[in-house]
Amino acid sequence: MISVQYVVALAVLLFMIGAIGVLVRKNPLIMFMSAEMMWNAAALAFIAFARNYHDMSGQVMAFLIIGTAAAEVGIGLAIIVAVYHRRHRLDIDEVSKLKG
Amino acid sequence: MVGIFIIGIIMLAAAVAVIVVRQPVHSALALVGVTLGLAMIYLILQAEFLAVAQVIVYAGAIMVLFLFVVTLLTAGKEETETKDLLSGQRWASVITGLVVGVGLAVVIATHHPTKLATSLSSSFGGLHPIGQELWGPYFLLLAGVALMLLTGAIGVLVLNRTEGTKAPRSRPLPHGVSVSDGEGESRP
Amino acid sequence: MGYLIPEVLLAGGALLALLAVAMLPNAKNLGSWIVLLAMLAAGVDAASMWGVTAKLIMSDTMAIDKYSILVTEFVLLAGASSLLLAWNADRFGAELPPLMAISVLGMMTLGTAANLMVVFVGIELLSLPLYILAASTRTRAGGEAALKYLLLGAFSSGILLFGMALLYGATSSLTFVVYPAITAANTWLLWSGLGLVLVGIAFKLAIVPFHMWVPDVYEGSPTPVTHLMAFGTKVGAAIILLRLLAFGFYGQDGSWGTLIGYLAVLTMIVGNLLAVPQLNLKRLLGYSGIGHAGFLLVGIATHSVDGANAMMFYLLPYGLAAMAVFGVLRLIEGQGDEVTLSDLRGMAYRRPWLAAVLIVGMLSFAGIPLTGGFVGKFFLLQAALFASQPGLAVGIVVGTLVGLFAYLRPLQMLFQRTEVSAKVQHLRWSVAGAVVLGVAVVGTIGIGVYPAPLVHIVSQSANFYWLTGG
Amino acid sequence: MQGLTEILLLPLFGAVTIGAFKSLAPKRYAGIWASVLLVASFVLAVLADVHLAELAAGHRVISGTLFNWATGFGPKIAWNIYLDPLSGIWLLVITGVGALIHIYSNGYMHDDPDRGRFFGYLNFFIFSMLLLVLAGNLLVLLIGWGLVGLASYLLIGFWYQRPSAVQAAKKAFVMNTIGDVAILIGLALLYFRFHTVTYAGLFSTFAHATPNTAYFEWTAVLLFIGAMAKSAQFPLNGWLVDAMEGPTPVSALIHAATMVTAGVYLMARLYPLLRLAPDVAYAIAAIGAFTAIYAASSAFFQQDIKKVLAYSTLSQLGYMFLALGVGAYTAGVFHFMTHAFFKACLFLAAGSVIHALGGEQDLNQMGGLYKKMPWTTASFLAATLAISGIPPFAGFYSKEAILGQVFNSGHGLLWIVGVITAGMTSFYMFRLFLLTFFGAPRNKKLYDHAHEAPAVMTVPVVILGILAVIGGFFGSWLNGWLAPVFRMYPGASHAALEAGPVFGTVITVGLAVLAFFIAYWLYVLKRTAAKAGISTWPGKWMLAAYGVDTGWRNVAILPIQVVGTWFRDRIDQGILAAVVGVANGIWLWAEDLRPVQSGYVRRYGLSIMVGLGVILAYCLTRV
């Protein structure tokens, strides 16, 4: 029997790394990848709990996460490319004209 | 059990690599590693269908998209991150992230989930049961995801459509002169 | 399935509009007409269901009750008004109507959600089109707004998802309406999960300190899209927060009531305070939206039927005032995107009717009597005090007073006689804009003078706890 | 509801139609239409009061509900309409005096190109004021209260081309807003404690309440602050004098006869609350008395005909509050009524003078006008005698009723202040009267062009003059009329009119007459200029010229004058400065906070993360 705790702890660490990645990296692409890691961590936790409760809905949720992530990545990369075409720099801190 | 530990350690190393390596390409490759590791853990957790989906959708489609964009945007450039101008951002982020992570880890560690007496059916996580769920009670959610994917497709069209009168430019101009509407900021 | 006809109609409208736009690229407003008609049909159909008895459908993932029907009507109003504000404007792109329809569909889904999966899908359906729409004019500011919204949105969705996973782990179920029956045990897992979910929703609702994206994104996005964010997103996020807390966790208000109360007070004061020095009208409205989110939270924080009613009630006057102000903004901005306060100069004399609309909207935001905003704030205050939470009441009063400064400054500009700004001189009325403004003004003053009908409707619909018997 | 709805809605209808057809119909119709509507409203008001009188004494209340405002969650709140003898008096005065002033305005505003707007505002004001007095609960009252403030703001700034008018309108708005907020908080305190805002509901609760608790004191203080702002009681008095920037009929209607007495109405209406807060009641009396003497002293050296009248209004309002504070409710209402007559008459007559002199308001340019304007002079004289408290004119009775009761209730100090003020009133009013109408013309050119006002202006002035003469005889009738209102509540023994001691009357009247002679001697016999004494240290010239008066003046007037001026300059400015300061403080604070919104996505993300940490910590500690 696999203890769900270890898997969820793994998910927590992945989530944490992802969150830190969003905050420390300046490249929007890498920030976006880090956010994807957070989503993946959630999916992992869902699957772990689904395994624990013998309940399919957690797996369905993980599936929804994967599908949604695909759509989100499509849009997100399109936005990043569009912004890049205007600036030619992949530095999120330069995208800070709106403020105050 | 041991498998999860090993895969987990490798996966975490890959995850750390995603956020520390300098080159976006390397990050993307490390993320591929993370998703593959996840797929293996899914397999161990008897989520076979999701493991397959993870490989196909994440490691396949999504990561290829990422890699493509990364290479498109940073081709021929040494993408080095300049000094972080936001004072204390790194420290604060790492510390808050660690605090939250440790907090959640403590929560998990102290939680003792109820263990079900019944044994898991052998078909759990297979194609059949998840298909039953997705096309049964959760059909509308599946439709919602389909709509989102459609939205994504529209989004790519809308966002990177070239303006009618202006010729598309395949390559950035040296001084970053505006591409579409003359609002671009000139950067040396 | 019959209960989901409004959703189906709207989704069908979106697909049809998309097809029409692709097939007949030269037919002006065709997509807008299709989506508008679909919205009207959905609204009529939803209204015809008013007598429904509350029930769970789709294996307990969705709840159909008067609450969900009322939310459907609210978000359809938001969607239709946004659509009308974008009428005839080519620069937003032909894909705007279907994208708006999909976003509104997400908000409607949130209204019916009884399950965390539905919450997630609803929030993403709501957000994804908005990411695109924010950048749809392909301006520099639009791109920046979209990028900020996207990155922070993905970040907060990650938090939301992880919270949901923890809740799932703590309760073994994703159907949150049955939580009261399961969660006798107050475990850390449950509460940390709830905390993460709260953060995710608070981000969408623009609660301090998760609000920072709002002014930037509002400022950069095209005005009709900003309006949809201000009205629709707020409705969606607020009602799902209320449903989640008041259905799933109604027994444990001691734990979340105070927290929401603190957030409410903080949000009301910070939002209104930061609105004071703004010069860009849209940015000012962004901060104002933050402040109003704080007011909405008060209704949830009181954790009473009165409070739920008051929050539900508040959404409509807020949305109507937003319609008035964004409508005027849309007319003034013409082909540009930025409207500063000085662009309002002399409007009271040059465009008295338009100025009157703006005044009505702003006064309603500020909560001046005889406008809907006053009535809404009054009920919130009443709910706070009847629930013996004077701190919230003080927060409302302070927030309102600070807000006065913010809202009266633009009005002061209207009466500047010295010169009339070029934008005011050259603005052109549009029929669609006039419709929005007319509805907004009549609604705002109507609710302010005679709120009894809306009170009646709301008191029937935000009548929670129908599941507590089971 | 005996036509109450119609009374209320006719002026609103007028305002709406005038507003809608302003540019279509010829301009003179606006005034006629507004006046006709108001006269109709007045007739209906009389009928309603007659109906009220026919009811049994204990049941003189007509109440009804226009519509339910909100039922569903929380207590039921409705637009209640409520007419009892107290609001009946106000109803009559508002519509009656209002109608006269409307008619008068047809002449006064004859040449103004914007008079459509003027009459629209005026009708809107009447509607708001009627809403205020006909309200059956405090919420509707507050709405009317806010709307009269708005109307007042619009009318003070009516001539928006004048920067001073705009400034005055702003000042009035700010000070009134202070009051509105206070009243709102007071209302909230009442509502959230007793879950009702109707008079009937509140009073029945008050009947069983324990007096003198902090709750009632605070509520009464807050409501009184609202009343102070609206009725320009010290220290919130600054706006009223500046409000004279508005057209003169506006000053007569809003800033003398009706709106500024809204505070009196509120306090009289809420007398059961004052009974529960005796300390506040005493404070009201003291502030009223102080305002009376302070304003009277301020009026002494004014150069502007309207400003003298403005200060006198302040002073008379002070009397009314003095009466309410000592529990002489009927006397206070009585004085309100007579004051409405004579002060409206004074303002309208002053308006005729200003009109005749082509807009000149400076006393130094007037004089000798009685030959040219006999009707106006006669009316002004009647009203002056009335305000000075010379028997048998109206003001004598009402002022005697107040002072008598102040004396009877044992407030010796307040009584002395009141008596002295009566003498001062007589002095400055006769100074005004004599400077305007008697003596040699000071500006020959203006004098030559002066003429009696047209009949449309003179007739209302004369009617009001007659009322100022006979108004005092209504006292005993009023006593009986108001008895059911104020006897509803046990312990209101002093509510009815009472006679004071004879020596009090003798002193008061004696002082008034003496003041008249002084004024006559100064301004007619000695032909002192109006501006005498203002350029130098005030009183220097008096010291040299009239040794007898010097001591008295030095002891009594000068300190008050000095203090009064000081207060007028400092406190007034101080309040404005405080409001501006708070605004600026908020602004600066907000400006300081702006950099937090740095524009960097990663900062925003960090903010989310920190918030998450805090919420997580909170959630974990709550388990």
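**A close look at one loop**

Author: Let's start with C:M58, which is buried because 21 other C-beta atoms lie within 10 Å. Here a residue is buried if 20 or more other C-beta atoms lie within 10 Å of its own, exposed if 12 or fewer, and partly exposed in between, with C-beta atoms placed from the backbone. Please keep in mind that this is a predicted model, in which local features need a pLDDT of at least 70 and side-chain atom pairs count only at pLDDT 80 or more, while totals for chains, interfaces and linings use all residues. Residues are numbered from 1 along each chain as its sequence is written, chains are lettered from A, and ligands are numbered from 1 in the order in which they are written.

You will find C:M58 in the loop between β1 (55-57) and β2 (62-64) of chain C. Helices (H or I, at least four residues) and strands (E, at least two) are DSSP runs numbered from the N terminus. Most residues other than glycine have a negative phi, and most peptide bonds are trans.

C:S59 belongs to the loop between β1 and β2 of chain C too, and its phi is also positive, near 50 degrees, in a residue other than glycine. C:S59 counts as partly exposed, because it has 13 C-beta neighbours inside 10 Å.

Further along chain C there is another backbone feature to find: a cis peptide bond joins C:V208 and C:P209, with omega about 5 degrees. C:P209 sits in the loop between α8 (188-205) and α9 (213-220) of chain C. Then look at helix α10 (residues 223-248) of chain C, whose 26 residues reach 36 Å from first C-alpha to last, close to the 38 Å expected at 1.5 Å a residue. That expected span is 1.5 Å times one less than the number of residues. α10(C) bends by about 25 degrees at C:T233; the bend is the angle between axes fitted to the seven residues ending there and the seven starting there. Since 26 of the 26 residues of α10(C) are buried, this helix is largely enclosed by the rest of the structure.

D:P391 and D:P392 are joined by a cis peptide bond, with omega about 5 degrees, and D:P392 lies in the loop between α16 (374-388) and α17 (394-408) of chain D. Just after α8(D), D:A232 takes a positive phi of about 55 degrees.

Helix α8 (residues 214-230) of chain D has 17 residues and should span 24 Å at 1.5 Å a residue; its end C-alpha atoms are 24 Å apart, so the two agree. α8(D) is mostly covered, with 12 of its 17 residues buried, including D:F216, D:L222, D:F224 and D:K230. Elements that cover these buried residues include α6 (163-194), α11 (262-269), α12 (271-276) and α13 (278-299) of chain D.

Stepping back, chain D contains 25 helices and 2 strands, and 57% of its 623 residues count as buried. Its C-alpha atoms fill a box of roughly 90 × 65 × 60 Å along the principal axes.

Over residues 164-188 of chain B, pLDDT stays under 50. Where pLDDT is low, the predicted coordinates should not be read in detail.

How does chain B meet its partners? 79 residues of chain B are in contact with 64 residues of chain A, a contact being two residues whose C-beta atoms, placed from the backbone, lie within 7 Å. The largest share of that side of chain B, 13 residues, comes from α3(B). The residues of the side of chain B that touches chain A divide into 53 nonpolar, 19 polar and 7 charged. Ala, Val, Leu, Ile, Met, Phe, Trp, Tyr, Cys and Pro count as nonpolar, Asp, Glu, Lys and Arg as charged, and the others, Gly among them, as polar. Toward chain D, 9 residues of chain B are in contact with 10 residues of chain D. That side of chain B has 4 nonpolar, 5 polar and no charged residues.

Definitions and conventions:
pLDDT is the predictor's confidence in each residue, from 0 to 100.
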